[in-house]
Amino acid sequence: MARRRTGTGTSTGTGTGTGTSRRTGTWRERRRCRDDRRPGPPGPYTLLPWLLMGMGAFSNLFQGETPNPWLGGLGLFTFNSLYISVVFRGFDKKKRESPVSYWLLAAMATVTFGLAIGYGGSWLLFFPLLSLACGTILRHRQLAAGLLSLAVVASLIAVWRGNGGSDPWTIGYGTFISGAVTAAILTLAETVMELRATRQELARTAVEKERLRFSRDLHDLLGHTLSVIVVKSEAARRLAPRDMDAALLQVADIESVGRQALTEIREAVTGYREGSLATELDRARSALTAAGTEPVLRRSGPPLAPQTEALLGWVVREAVTNVVRHSNATTCSFVVDGTSERVRLTVTDDGYGPDPDAPATPGIGGTGLTGLTERLAAAGGSLRAGPGPERGFVLTAELPVDGPDEAASSDASDSPRTRGR
C-alpha cells in the first residue's frame with residue numbers, strides 16, 4: 001500500500017509539473033499570437049475605396065450627360081489604372097523613389113487636368129484623388145510644393161468652369177488635405193515599423209551581450225577555480241605521505257574553493273557578481289603558494305570604485321590561472337599603483353614566458369585574455385600582455401578611476417603591502 005501511495009504521489013507531482021509547463025507554454029503562445037495580431041501599417045488596398053469618388057463621373061457617362069462619352073470613358077479608365085499603379089508603388093520604398101513612379105504621377109496629373117478642364121462638375125473630384133496619390137509618392141518639400149500647387153490649380157479650374165460660389169474653395173481644400181493626411185499617416189506608419197524593427201534589434205543585441213558576458217564569466221570562474229583545485233590536489237598528494245595534517249589543510253582549502261566557486265557561478269548566472277580586488281589578491285596568494293610560486297603583492301594609490309576593483313579582480317584571477325597553468329614560475333608580483341585619474345595593475349612572473357621575439361600585442365593569449373581585453377576596452381581601459389624584459393610574462397591593465405569608494409578605502413590604506421607567501 002505504501003508503494004502504491006508513493007507511486008501515486010509521484011505520478012501526481014509529475015502530472016502537475018507537466019500541466020504547469022503546458023499552461024506556461026500555452027500562455028507564451030497566446031502572448032506571441034497577440035504580438036502577431038498587432039495592427040501594422042496601412043496597405044495600398046486601404047486607398048482603393050476612395051475611387052468611389054469617381055462614381056459621379058461614371059454616372060454622367062452612363063446616363064449620357066457627358067459629351068464625347070468614349071473619350072470620357074477612356075480617360076476614366078486611364079485615370080483609375082494610373083491611380084492603382086501609383087498607390088501600389090507608393091507602399092514600396094524602392095519603387096516609390098524610382099523615376100517610373102514620378103512619370104506615372106505626371107501622366108495621372110495630365111489626365112486629371114484634361115478631364116477637369118474638358119468636363120468640370122463631378123470630374124473635378126479627381127483632383128483630391130490625384131492629391132491622395134501624390135501623398136503616397138512625394139515627401140518633404142516636394143509634397144508641400146506639389147499639394148499647394150495642385151490645390152491652387154484645382155480651385156482656379158473650378159472657378160473657370162463656374163461650379164458655384166463655394167465649390168472652388170471646397171475642391172481646393174479637399175485636394176490639399178487629402179494628400180497631406182495620406183502622407184502623414186504613411187510617414188507615421190513607416191516610423192512605427194522602424195521603431196519595431198529597432199526594438200527587435202536591441203533585444204537581439206541584449207541577448208548577444210548577455211551570452212558574451214556569461215561565457216566570459218564562466219570561462220574566468222571555472223578556469224581559475226579548476227586550476228586552483230588541481231594545484232591544491234597535487235599539493236595534498238605530495239604532502240600526504242609526509243605530513244597528513246598539512247595534506248588535510250590542502251583538502252580543506254579545496255572544499256572551500258569549491259564552495260566559493262558554486263557561489264560565484266550562481267552570482268555570474270544572475271549577473272550580480274562584483275569582485276573585490278583585495279579578495280582576489282588574497283586568493284592569488286593562496287593559489288600561488290600552493291603551486292610553489294612566491295607571491296609579491298604591492299598596492300598604492302587612491303581608493304578605487306567598485307566597478308574598477310571588480311575589473312582588476314578579473315585581471316588578477318586570469319593572470320593567476322595562466323601562471324599556475326603555464327609559467328612554472330618561482331616568483332609572481334602584483335603591483336597596483338595609480339593616480340587620481342588612472343590606475344595600473346602589473347603582473348610579472350619569472351616563468352618560461354612566450355617567445356622573446358614575439359611582439360607585445362593587446363589581448364595576446366587565449367580566450368581569457370581576449371575576454372579581459374574586451375572588458376577593459378568597454379570601461380575605457382586597456383590590456384597589454386607580452387614577454388618580460390629578461391624572461392617570464394608581463395600583464396599590464398590600465399583603467400580610469402571613476403571615483404573613491406569608502407568600502408575600498410580600507411583596502412588601500414595599508415599600502416605598500418609587504419611580501420607574502
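Helices (H or I, at least four residues) and strands (E, at least two) are DSSP runs, numbered from the N terminus. Axes are lines fitted to C-alpha atoms, for helices over the stretch in contact, and angles run from 0 to 180 degrees between N-to-C directions. This is a predicted model, in which local features need pLDDT of at least 70, side-chain atom pairs count only at pLDDT 80 or more, and totals for chains, interfaces and linings use all residues. Residues are numbered from 1 along each chain as its sequence is written, and side-chain values use heavy atoms, with hydrogens and water left out.

**Sheet**

- An open sheet of 5 strands has the order β1-β2-β3-β5-β4, with mixed pairing; two strands pair if DSSP finds at least two bridges between them.
- At the edges are β1 (294-299) and β4 (382-387), each of which pairs on one side only.
- From one strand to the next, the twist averages 10°.
- Strands β3 (residues 342-349) and β5 (residues 393-400) run antiparallel and are joined by 8 bridges; Arg 344 stands opposite Glu 398 in β5.
- The pairing of β4 with β5 is also antiparallel, over 6 bridges, and Arg 384 has Thr 396 in β5 as its bridge partner.
- A hairpin is formed by β4 and β5, with 5 residues between them, and Gly 392 in its turn has a positive phi of about 85°.

**Helix on the sheet**

- Helix α10 (residues 277-290) lies across β1 and β2 (331-338) and runs at about 160° to β1. Contact here means heavy atoms within 4.5 Å.

**Helix pair α3 and α5**

- The axes of α3 (residues 69-90) and α5 (residues 99-119) come within 9 Å and cross at roughly 150°. α3 is therefore roughly antiparallel to α5 (under 35 degrees counts as roughly parallel, over 145 as roughly antiparallel, 65 to 115 as roughly perpendicular and the rest as oblique).
- The crossing of α3 past α5 is left-handed, that is, the near helix is turned anticlockwise from the far one by less than a right angle.
- Residues making the contact include Gly 72, Gly 75, Phe 79 and Arg 89 of α3 and Leu 104, Met 108 and Tyr 119 of α5.
- By class, the contact residues are 14 nonpolar, 6 polar and 1 charged (Ala, Val, Leu, Ile, Met, Phe, Trp, Tyr, Cys and Pro count as nonpolar, Asp, Glu, Lys and Arg as charged, and the others, Gly among them, as polar).

**Aromatic pairs**

- There are 6 aromatic pairs in the structure (rings of Phe, Tyr and Trp, its six-membered ring, with centres within 6.5 Å; planes under 30 degrees apart are stacked, over 60 edge-to-face and the rest tilted).
- The ring centres of Phe 79 and Phe 126 are 4.5 Å apart with planes at 50°, so this pair is tilted.
- Phe 79 in α3 and Phe 126 in helix α6 (residues 126-137) are 47 residues apart, and their pair links distant parts of the chain.
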